[in-house]
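Here's a quick tour of one model, taken a piece at a time. Have a look at the fold before reading on.

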Amino acid sequence: MNHDADGAELLTIGAFARASRLSPKALRLYDELRLLPPAHVDPVNGYRRYVPAQLERARLVAWLRRLGMPLTRIREVCELTPDTAAEAVAAYWAQVEADTAARRDLAAFLVDQLQRKDTAPMTASATPLTMRYAARTDRGLVRPANQDAAHAGPRLLAVADGYGPEGGRAAAAAVSALQHLEDAPAGTDPLSALEEAARRAHRAAPTADEATGSTLTALLRAGSQLALLHLGDSRAYVLRDSGLFRITHDHSLVQSLIDEGRLTPEEAPSHPQRAQLLRSLDGGSPFTPDLQLLDARPGERYLLCTDGLTGVVPPESLQDVLTAAETPEQAVADLIALAHAAGAPDNVACVVADLHPADAEVPAA
């Protein structure tokens, strides 16, 4: 029987695997990652051997892997004191639950979208749509100037959030670059038209000594479809019978940290780099918008807004207002009032639009 220099019994990798319920293959991987190195490696044949005292760490690794925790995070947890490790596991699981809820909502939205594909050809011709809409921007209660812009029209909805010394001009230019699409001829490909208009705005974005640019989130109606273009951390939502769904993904540093499991959604609002964008209209970086074509139906309500709203108002409050407000005008006013009630530390822009059958009587304001 082999022992280490202190006289402790050494277990072969097979015996240690059986005792820890980890496979020999997993143990070799964890050795390579320095997550669970063996107590002794034979210099001649390379056989790995472990001491029984390593079983506690091995079982912790096995449990954390069953939770789905990434190996890099497991290594960090294993180096913590028990109390701190417990807090880290609790924080990880809270993040998993939040991510699962977000994926559940996205799955419901995608199921709804895909189920519409079978009936889309019929509804496109049988149910022409029109929009009732409202748009408003607000300086908020802290910022010295308003650098947000918004537009709502019969076909086009858009919001933009400018940043930097020329941010207000950048946001206004981004929205202005799309407004000619209100008069685009019938048969125009809405996604291509949106992309080309935004590309021109990207090329023409103002430059300054400091970083300047703008987010841009827009919807363009074409028949019973809505073309979506998105850059930055402004957002688009749709309210349907099944609930409120966010249909954009933030292009921000904090969102990337959340996606990588390095930050929880609850920690994001207080992160010191929460305003840092990974994509925007700035003229100096690649133009890489998200583009999507949505099947729209009568009765849906859409919200486009900047992070001055979503940064201080939780999704459940957004849904409550959008569900209760009788008109887009009331919804916009109530949403900005919520931002003010939460301190309104940033500019706010919001657009709300309702879809109606083209021949239906639209509710009065």
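Contact here means heavy atoms within 4.5 Å. This is a predicted model, where local features need pLDDT of at least 70, side-chain atom pairs count only at pLDDT 80 or more, and totals for chains, interfaces and linings use all residues. Numbering starts from 1 along each chain as its sequence is written, and side-chain values use heavy atoms, with hydrogens and water left out.

Let's start with helix α7 (residues 167-176), whose buried residues are Gly167, Ala170, Ala171, Ala174 and Val175. They sit on the same side of α7 because they cover an arc of only 125 degrees around the axis; that arc is taken from the directions from the helix axis to the C-beta atoms. Buried means under 20% relative accessible area (exposed is over 50%, partly exposed in between; 1.4 Å probe, protein chains only). Helices (H or I, at least four residues) and strands (E, at least two) are DSSP runs, numbered from the N terminus.

Here are some of the elements covering that buried side:

| Element | Residues |
|---|---|
| β5 | 148-152 |
| β6 | 156-163 |
| α8 | 190-203 |
| β7 | 213-214 |
| β8 | 216-222 |

Now for the rings. The structure holds one aromatic pair. Phe16 and Tyr50 have ring centres 4.2 Å apart and planes at 10 degrees, so the pair is stacked (Phe, Tyr and Trp rings, with the six-membered one for Trp, pair if centres lie within 6.5 Å; planes under 30 degrees apart are stacked, over 60 edge-to-face, the rest tilted). Phe16 belongs to helix α1 (residues 13-20) and Tyr50 to strand β3 (residues 48-50), so the pair links distant parts of the chain, 34 residues apart. Both Phe16 and Tyr50 are buried.
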